[in-house]
Amino acid sequence: MSSHCRKELADIIASTGAFDDDPALRASFERVPREIFLGDAVYRLNGTTWEPLRREDVGEEEWLRLACTDQTWVTQVEGVDARDATGALSGNPTSSSTLPSLVARMVRVAGVRGGDTVLEIGTGTGYSTAILADRLGEARVTSVEYDPGTARRAADHLNAAGYAPHLVVGDGLQGCKEHAEYDALVATCAVRHIPLPWLWQVRAGGSITTAVGGWMLASGLVRLVVGDGGSASGRFTGDTVSYMLARPHERPPRPVFFRHGGDARASLVDPAVLEDWTGHFVAQLGAPSAELMQTGDGVVLVDVATGSQAWTEAADGGWTVHQSGPLRLWDQVEAAVMTWQAAGSPGQSAFGMSVSPDCTQTVWLGSPEGPSWRLPC
């Protein structure tokens with residue numbers, strides 16, 4: 001039954017086109033038993049809280065069905081593993097078993113082929129690591145995990161499934177120079193900017209595939225080709241991909257928020273633009289230090305370091321924005337959004353990225369000579 005279940009999952013992924021030019025990748029998805037990598041418990045979202053769902057409670061048949069579903073299963077919330085949870089939790093996921101079709105998509109975007117050596121950033125449960133090890137051979141795969149407990153469980157899962165890639169516990173933003181150079185680097189977390197060690201450890205002509213995210217929790221999937229001397233450039237794919245930020249790139253602790261009246265004026269853009277996938281991404285480019293706190297009736301932006309804030313409210317058929325602090329966060333958002341709108345509000349695939357060895361990193365619209373925004377680095 002397990003192999004039949006995995007074949008059905010492979011059929012679902014195949015319908016997305018992820019295997020069109022790589023039938024060997026499909027064979028890997030049919031061989032790797034995802035149920036092993038879910039461990040003994042996962043979290044299921046119930047309203048606003050995460051409830052542990054245990055293997056022993058649902059039974060083997062249902063557990064196998066869950067594993068063969070093209071769905072992300074959260075395995076850790078705020079550092080608490082599902083198997084250790086005594087009840088429902090509130091907070092943010094900190095580890096998960098990624099959507100299988102996204103794993104396939106990342107491998108395809110990276111352009112990974114037989115004979116390549118790959119550095120994976122974020123071992124997680126070990127499932128995507130096993131897929132890479134099966135496709136390429138375990139000696140060609142190195143995976144780095146930040147969380148020691150998560151790394152230990154991933155190693156157990158991989159051993160149980162019969163795979164022994166190179167596993168490293170440490171800061172994935174530093175890569176793993178021991179096994180460099182790599183043909184490709186694939187990150188299962190988002191980063192605010194490309195870490196320079198990644199550029200140094202991927203060969204010239206190799207690729208870096210990662211989600212570029214930020215404190216507004218917008219993101220975009222980009223594939224960069226590394227050039228000589230530590231530069232890189234490439235384009236965003238347009239995929240609606242959302243990964244957790246790498247822990248060293250996470251948002252800083254935020255104190256209790258209190259709105260300040262500040263300076264008020266009419267907003268030049270509708271805050272609903274942040275509900276658009278690309279609009280949200282563009283707003284984040286404009287104000288990369290801002291944290292987005294809420295949407296709906298309005299938008300609240302806060303910069304923890306400076307205490308700057310901006311918030312919007314409906315007024316007379318339009319919107320009023322209130323801003324205080326040294327940074328005019330909504331001014332920054334407006335400038336970016338209006339530049340994008342003037343270009344016809346294209347999707348994310350119209351954007352690209354350039355990285356220099358001195359850590360100058362820009363996201364540009366249309367071409368490197370077009371409008372651009374510098375990433376924090």
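Two disulfides are counted in this predicted model, a disulfide being a pair of cysteine sulfur atoms within 2.5 Å. In general terms, such a link is a covalent bond between the sulfur atoms of two cysteines. Residues are numbered from 1 along each chain as its sequence is written. Because the model is predicted, local features need pLDDT of at least 70 and side-chain atom pairs count only at pLDDT 80 or more, while totals for chains, interfaces and linings use all residues; side-chain values use heavy atoms, with hydrogens and water left out.

Cys5 lies in helix α1 (residues 2-14) and Cys68 in the loop between α5 (60-67) and β3 (73-77), so the bond ties together parts that are 63 residues apart in sequence; helices (H or I, at least four residues) and strands (E, at least two) are DSSP runs, numbered from the N terminus. Both Cys5 and Cys68 are buried, where buried means under 20% relative accessible area, exposed over 50%, and partly exposed in between (1.4 Å probe, protein chains only).

A disulfide is also formed by Cys359 and Cys377, whose sulfur atoms are 1.5 Å apart. Since Cys359 lies in the loop between β18 (351-355) and β19 (361-365), and Cys377 in the segment after β20 (372-374), this pair ties together parts that are 18 residues apart in sequence. Cys359 is buried, with a relative accessible area of 14%, whereas Cys377 counts as partly exposed at 47%. When the bonded cysteines of the protein chain are numbered in sequence order, the pairing is 1-2, 3-4. The sulfur of Cys176, by contrast, is 15 Å from the closest cysteine sulfur, that of Cys189, which is too far for a bond. Cys176 is buried at 7% relative accessibility, and Cys189 is buried at 12%.

An open sheet is formed by 5 strands in the order β13-β17-β16-β15-β14, with antiparallel pairing; two strands pair if DSSP finds at least two bridges between them. Its edge strands, β13 (263-266) and β14 (291-294), each pair on one side only. Within the sheet, β16 and β17 run antiparallel and are joined by 7 bridges, and Ala310 has Gln323 in β17 as its bridge partner.

Backbone geometry was also examined. Most residues other than glycine have a negative phi, and most peptide bonds are trans. The peptide bond from Ala180 to Glu181, however, is cis, with omega near 10°, and Glu181 lies in the loop between β8 (166-169) and β9 (182-191). Asp316, in the loop between β16 (308-315) and β17 (318-324), has a positive phi near 55° and is exposed, with a relative accessible area of 84%.
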